[in-house]
Amino acid sequence: MTLIDGKKIADEIKQEIATAVESMVAEGRKRPHLAAILVGHDGGSETYVAHKVRACEQCGFKSTLIRFEDDVTEEKLLEAIDSLNRDEDVDGFIVQLPLPRHISEQKIIEAIDYRKDVDGFHPINVGRMSIGLPCYVSATPAGILELLARYDISTKGKRCVVLGRSNIVGKPVAMLMMQKHNPGDATVTVCHSATKDLKDICREADIIIAALGSPGFVTADMVKPGAVIIDVGTTRVPDATRKSGFRLSGDVDFENVAPLCSYITPVPGGVGPMTICSLMKNTLLAGQGAIYG
């Protein structure tokens, strides 16, 4: 069993990005600039945004954080997005999700200029990705493919089961895994809450990508020997032994599943660091004008 070290790969990629940025600056081009909008004080969102700001420093990017209280109006948020859309110094920006209930997340996503949508959530980027055109690929799916590529894990002709059908992970990673590229060329089955015979389907999989947000869902009796397991889940579960009072749990029963696998991602330290790293890669592409000019 090989443990896939997402943190190590992410550090390598951030170093590669930093080298590219210094080359850009040496050529007289401006540093890529990533902005982030954070609404409210959700603990998870605060942590993610702090990690993104730190990653910007490591990559040599300029970064801007715009904060609003959770009672901000949708109109005020849309005004901020319009301002960033028009700001020529900002190459890409994100609006950290989730948002308060009184704000339509879809309306916010669609208000972002798709040429600055480095999260890859805008329908234009999603549509381009689905037919294999250059675009900003959603960060977590892009990170998963990067891990498969860097560990030289064969995907061509393999049976891949994706657990979960979210717009952020399940759907896009399924589309990427079936496309004609490497990693890709897999035969993909997407399973969800209405799927029948789930265990039987999983037992036939060469690759399982678990993105349900359900701690310990994938158990040893669902995994065939030699399978590759990519665990996207990061759910906070109570843990009295930790100073924080919680620990992060993946969607896979790691202790019992890991011995069966050829490769597996841990939680934390697997897919998580790659998600932020993929956002940095998209920001570099935006700064270079590599996708939309």
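Predicted model: local features only at pLDDT ≥ 70, side-chain atom pairs only at ≥ 80, totals over all residues.

**Entry 1: the sheet.** I started with an open sheet of six strands, in the order β1-β11-β8-β7-β5-β6, with parallel pairing. Its edge strands are β1 (2-3) and β6 (187-191), each pairing on one side only. Strands here are DSSP runs of E with at least two residues, helices are runs of H or I with at least four, and both are numbered from the N terminus. Two strands pair if DSSP finds at least two bridges between them. I checked β1: two bridges join it to β11 (residues 263-264), and the two run parallel. Across from L3 I found I264 of β11.

**Entry 2: ground rules.** Residues are numbered from 1 along each chain as its sequence is written, and side-chain values use heavy atoms, with hydrogens and water left out.

**Entry 3: rings.** How many aromatic pairs does the structure hold? I got three. Rings of Phe, Tyr and Trp (its six-membered ring) pair if their centres lie within 6.5 Å; planes under 30 degrees apart are stacked, over 60 edge-to-face, and the rest tilted. Y136 and Y292 are edge-to-face, 5.6 Å centre to centre with 75 degrees between the planes. Y136 sits in the loop between α5 (123-130) and α6 and Y292 in the segment after α10, so this pair ties together parts 156 residues apart in sequence. Y136 counts as buried, at 2% relative accessibility (buried is under 20% relative accessible area, exposed over 50%, partly exposed in between; 1.4 Å probe, protein chains only).

Next I looked at Y151 and Y263: their ring centres are 6.3 Å apart and their planes at 75 degrees, so they are edge-to-face too. Y151 is buried at 18%, whereas Y263 is partly exposed at 22%. Ring pairs also link Y114, Y136 and Y292 into a cluster.

Entry 4: I picked the second largest pocket, about 360 Å³. A pocket is an open set of points on a 1 Å grid over the protein atoms alone, where a 1.4 Å probe fits, with protein on both sides within 12 Å along at least five of seven lines; lining residues have an atom within 4 Å of a point. Volume is the space filled by probe spheres set on the points, which are joined across faces, edges and corners. The lining has 19 residues, with C135, V137, A142, L176 and N282 nearest the centre. α10 gives the most, four residues.
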